[in-house]
Amino acid sequence: DRERIGLSERFLRNVRLIEAPYRGDVLWPLRAVARALGLKTDKSITEQVKALVGVRANRSPVDRLLIFYQSLLGYPDTEKLWIKPALAAAEQATRTVRFDALVSSFPYAASHLVAEELKRRWHTPWLADFRDPWTQGHNYPYGPIRKWLDGRLELKTIATADAITAAS
């Protein structure tokens, strides 16, 4: 699905992409309930629930409930279920390919956690890219305890990167 993510042919000639199976994020139970209630899962479930109960405000109880759910079950992020398949796909790829470097990109901590583990296993240089800040962004949604946990994990993870790039 390389066309979908917009990678140029020139780029693809010079890199080896490893694709890992994706079974979904930690929000799948909420989506299952939403489907059972007749909500559309291709649209914001939060906004649909807010419309059903007549709430228009940002940071409503509906918003807070979803953020609470994500802060508990989505640590270190909602894509954490992808970490094991990604590590397995990378290990399988090393049987046929030697990698000169690793590149991971945020907004999902899982991508950096995978790259950090692969760097540890393979002793390969790692570039950690931040398209968005992890804990320091103005849109950081979680409370102070989660931010403290995320901050510790962020510092521990990026401490092993050989280089860091940031757009912010």
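**Ground rules.** I'm working with a predicted model, where local features need pLDDT of at least 70 and side-chain atom pairs count only at pLDDT 80 or more, while totals for chains, interfaces and linings use all residues. Residues are numbered from 1 along each chain as its sequence is written, and side-chain values use heavy atoms, with hydrogens and water left out.

**Entry 1: aromatic rings.** I searched the whole structure and got 4 aromatic pairs. My rule was that rings of Phe, Tyr and Trp (its six-membered ring) pair if their centres lie within 6.5 Å; planes under 30 degrees apart are stacked, over 60 edge-to-face, and the rest tilted. Y140 and Y142 have ring centres 5.5 Å apart and planes at 85°, so I wrote them down as edge-to-face. Are these two tyrosines buried or exposed? I use buried for under 20% relative accessible area, exposed for over 50%, and partly exposed for in between (1.4 Å probe, protein chains only). Y140 is buried at 16%, and Y142 is buried at 17%. I also found F106, F130 and W134 in one aromatic cluster.

**Entry 2: charges over rings.** Which charged ends sit over the rings of Y142 and Y140? A charge counts here if NZ of Lys or CZ of Arg is within 6 Å of the ring centre and within 35 degrees of the ring normal. R146 has its charged end over the ring of Y142, 4.1 Å from the centre. K147 does this with Y140, at 5.5 Å from the ring centre.

**Entry 3: salt bridges.** Side chains of opposite charge can pair when their charged atoms come close. I counted 10 salt bridges in the structure, each being a side-chain nitrogen of Lys or Arg within 4 Å of a carboxyl oxygen of Asp or Glu.

One of them joins K50 and E47, with the closest N and O atoms 3.5 Å apart. Both residues are in helix α3 (residues 45-53), 3 residues apart, about one turn of the helix. Helices (H or I, at least four residues) and strands (E, at least two) are DSSP runs, numbered from the N terminus. K50 is buried at 1% relative accessibility, whereas E47 is partly exposed at 44%.

Next I looked at R121, which bridges to E91 at 3.0 Å, N to O. R121 is in helix α6 (residues 109-122) and E91 in helix α5 (residues 83-93), so this pair ties together parts 30 residues apart in sequence. R121 also meets E117 in a salt bridge of 2.9 Å; those two are 4 residues apart in α6, about one helical turn. I noted that E91, E117, R120 and R121 are linked in a network of salt bridges.

**Entry 4: the core.** A nonpolar core is a set of buried Ala, Val, Leu, Ile, Met, Phe, Trp, Tyr and Cys residues joined through side-chain atoms within 4.5 Å. The largest one has 22 residues, and among those touching the most other members are V114, L118, W126 and W134. Which element gives the largest share? That is α6, with 7 residues.

Last, I checked W134. Ignoring neighbours within four places in sequence, W134 is in contact (heavy atoms within 4.5 Å) with residues including F106, Y140 and L153.
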